[in-house]
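Here is a briefing on one predicted model.

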Amino acid sequence: MRNRNLSLVLLAFGVVTAQGQTDSTVRINEIQVIGSHNSYHAGLAPSERKWLGQKNPKAMRALDYRHASLTEQLNGGVRQIEIDIYSDAKGGRYAHPAIDAFVKQAGLPPDPDFDPQHVMDKPGFKVMHVQDIDERSNCQPFTSCLSEVRAWSKAHPQHVPLFILVETKENSLPASVGFNAVQPEPFTPAVFDALDKEILSVFPREEIVLPDQVLGTYATLDEAVHHNNWPTLAEARGKVVFLLDQRKVGPAYLDGHPSLRGRVLFTNAAPGSPDAAFTEENDASAQAIDALVRQGYLVRTRSDSDTEQARNNDTSRRDEVLPSGAQMISTDYPASEPATSGYVVTLTEKEAVRCNPVVKASGCVDQQLETVR
């Protein structure tokens, strides 16, 4: 028994040593993870679903998915999440979605209250997909979502960095919806200052991979990533990386912060621009993605959208991007949430992360990165 215990200790030590060697050589742009799209999305309630299905079957078809809690997704191996946010500086702007009145007018049974704690009455960034129509979220407000992620991170301190994609929502609904929907607040430089402040109220800077860390002594982020100045896993385990989804708001976020100096999120930048470190290529070919990854950029792409691939178990897009170098492959159907058709997007049975297929670091071993417990 004594010899057996000693063998187990030595085996565990060997695993830790091997991981340490991997961590010291593999950088965070040299891995690949699966992400979930609209990770907060709780789906429509029954009467909401029936009403929208009658009014706009196409929209209902695209919205017909839901996710488990962020905690459950992270437990299942998701390592990139996406959270949509609306600015609500005074509070109450989104507290009374129009779909509640539409359901009542249609004579349908009332759905469960989407905001029983009246969180929507308070100031702060709110999490939802479409104002007035699709407002149900598994976490609310934004700081609550971040707190849930941080709690999971603290309970799993050896995780590879978690990528948190933040989509800023500020568009009006088209007149074709047939009612006057709530007008979102624009994302100005001041609103982005408030966003950084909210993030830092949950995650201290030392728990975030920041643009300044990647920038280092280089003149621009673009130059830094071309010199592969991303941190190693040894420097990034237990941390998060914040990414800004909408390219159009990049100039407002950059205002007063060239190359994102002092900022928290990485912009979705056009490759070659001074702030370019991360870029979304949701519909790009594997060849185009690979070319960007070889230049040092972090790339997020999608394997499915609007529930279409999942309905027919169409794996063509999934099978194209999984071998690509995209560090983040986002889906509505990660391993823990397969579609009824069998459609699912996963790396392997046990690994939450694997070595990047295109820029695999020397000495990188999938099994030494992170397994799903």
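Two cavities of 30 Å³ or more turn up in a search of the whole structure. A cavity is a set of points on a 1 Å grid over the protein atoms alone where a 1.4 Å probe fits but cannot get out, and lining residues have an atom within 4 Å of a point. Points are joined across faces, edges and corners, and volume is the space filled by probe spheres set on them. The model is predicted: local features need pLDDT of at least 70, side-chain atom pairs count only at pLDDT 80 or more, and totals for chains, interfaces and linings use all residues. Residues are numbered from 1 along each chain as its sequence is written, and side-chain values use heavy atoms, with hydrogens and water left out.

**Cavities**

- The largest cavity has a volume of about 40 Å³. Its lining includes Leu 44, Glu 48, Asp 100, Ile 133 and Arg 136.
- That lining divides into five nonpolar, no polar and five charged residues. Here Ala, Val, Leu, Ile, Met, Phe, Trp, Tyr, Cys and Pro are nonpolar, Asp, Glu, Lys and Arg are charged, and the others, Gly among them, are polar.
- The second largest cavity has a volume of about 30 Å³. Leu 74, Arg 79, Val 149 and Phe 163 are among its lining residues.
- Strands S2 and S4 (162-168) each give two or more residues to this second lining. S4 gives the most, with three. Helices (H or I, at least four residues) and strands (E, at least two) are DSSP runs, numbered from the N terminus.

**Arg 136**

- Arg 136 sits in the loop between strand S3 (126-127) and helix H6 (142-155).
- Arg 136 is buried, at 14% relative accessible area. Buried means under 20%, exposed over 50%, and partly exposed in between (1.4 Å probe, protein chains only).
- Its side chain makes a polar contact with the side chain of Glu 48, at 3.0 Å. A polar contact is a pair of N or O atoms within 3.5 Å; within protein, one must be able to donate a hydrogen and the other to accept it, and residues adjacent in sequence count only if both atoms are side-chain atoms.

**Aromatic contacts**

- The whole structure has nine aromatic pairs. Rings of Phe, Tyr and Trp (its six-membered ring) pair if their centres lie within 6.5 Å; planes under 30 degrees apart are stacked, over 60 edge-to-face, the rest tilted.
- Trp 51 and Phe 102 are stacked, at 4.9 Å centre to centre and 15° between the planes. Trp 51 lies in helix H2 and Phe 102 in helix H5 (residues 98-105), so the pair ties together parts 51 residues apart in sequence.
- Both Trp 51 and Phe 102 are buried.
- One aromatic cluster is formed by Phe 125, Phe 187, Phe 192 and Tyr 253.
- Arg 263 lies over the face of Tyr 253, 4.2 Å from the ring centre. The criterion is NZ of Lys or CZ of Arg within 6 Å of the ring centre and within 35 degrees of the ring normal.

**Backbone**

- Most residues other than glycine have a negative phi, and most peptide bonds are trans.
- A cis peptide bond joins Gln 140 and Pro 141, with omega about 0°. Pro 141 is in the loop between S3 and H6.
- His 118 is not a glycine, yet has a positive phi of about 60°. His 118 lies in the loop between H5 and S3 and is partly exposed, at 47%.

Technical notes: 1 Å grid on protein atoms, 1.4 Å probe; cavity = no way out; pocket = protein on both sides within 12 Å on 5 of 7 lines; lining within 4 Å.
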